[in-house]
Amino acid sequence: DAPAVVGSEVSTAASVPPELVPRTPAQQREALEDLVREFTATALRGVSCHILNLSTGREQRASYSISETLEFLFVALVDSNRDDTVHIPQIASITKGESCDLVRKRMEEHHWEFAADDLHRSYLLEYLPDDRSRVLLFIVEESVQAKKRAYAALNVLKLYAGQSTPPSSPNRECNSKPQFPPLSLEEVA
């Protein structure tokens, strides 16, 4: 079955009651736009999360926010001075935690105590800040619903980031509402 957006989660049509599945492409687009708006409204204020250190297996309290231009994701560790600024067009991939072979392999190799529920609340964000670097951020959201919303919205923002104007500075503010061209839900599932 083709993916459908219901409320703020992406799912397959077989897993949701038929009356909740948007029936037309316009309804699907509207539901996806609502999901992105909900994510950005929350992310503009800041979102508590955890970052799993892929070298040590240690989870650290963190938060992230998004710039008003929707071009930058700011990730900061709570108990340290470390932070990352991710230019959204430089995101190479976003992988659901439960589908992430790298994390599963490291969990097995190093005997990390990372609950299966945590995998369902997480995603691996890979970005390429320059030609020589590859940065992996394993983000654990507060809930499965928050993960689904962030995962889908970041994929949408990543898809359209490359179609925008050249990057602004991370601190530039913008009050205009983002306009997204037509989108197939298969592109974010």
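Which residue in β9 stands opposite H50? Keep that question in mind as you tour this predicted model.

**Stop 1: the sheet.** Colour the strands. Seven of them form an open sheet in the order β6-β5-β4-β3-β9-β8-β7, with antiparallel pairing. Now select 83–87 and 91–96, which are β6 and β7. These two strands stand at the edges, and each has a single partner, so one side of each has no neighbour in the sheet. Look along the sheet. On average, neighbouring strands are turned by 30 degrees against each other, direction ignored.

**Stop 2: helix α1.** Select residues 25–45. This is helix α1, which packs on the sheet and touches β3 (47–52) and β4. The direction of α1 makes about 110 degrees with that of β4.

**Stop 3: helix α4.** Select residues 144–161. Helix α4 also packs on the sheet, where it touches β4, β7 and β8 (122–127). Its direction makes about 155 degrees with that of β7.

**Stop 4: β4 and β5.** Select 59–66 for β4 and 72–77 for β5. The two run antiparallel and are joined by five bridges. Zoom in on A62: L77 in β5 stands opposite.

**Stop 5: the β3–β4 hairpin.** Move to β3 and β4, an antiparallel pair joined by six bridges. Find S48, with S63 of β4 opposite. The two strands form a hairpin, with six residues between them. Pick G57 in the turn; its phi is positive, about 80 degrees.

**Stop 6: β3 and β9.** Select 135–140, strand β9. It pairs with β3 in the antiparallel sense over three bridges. Here is the residue you were looking for: V140 of β9 stands opposite H50.

Notes. Residues are numbered from 1 along each chain as its sequence is written. This is a predicted model: local features need pLDDT of at least 70, side-chain atom pairs count only at pLDDT 80 or more; totals for chains, interfaces and linings use all residues. Side-chain values use heavy atoms; hydrogens and water are left out. Two strands pair if DSSP finds at least two bridges between them. Helices (H or I, at least four residues) and strands (E, at least two) are DSSP runs, numbered from the N terminus. Axes are lines fitted to C-alpha atoms, for helices over the stretch in contact, and angles run from 0 to 180 degrees between N-to-C directions. Contact means heavy atoms within 4.5 Å.
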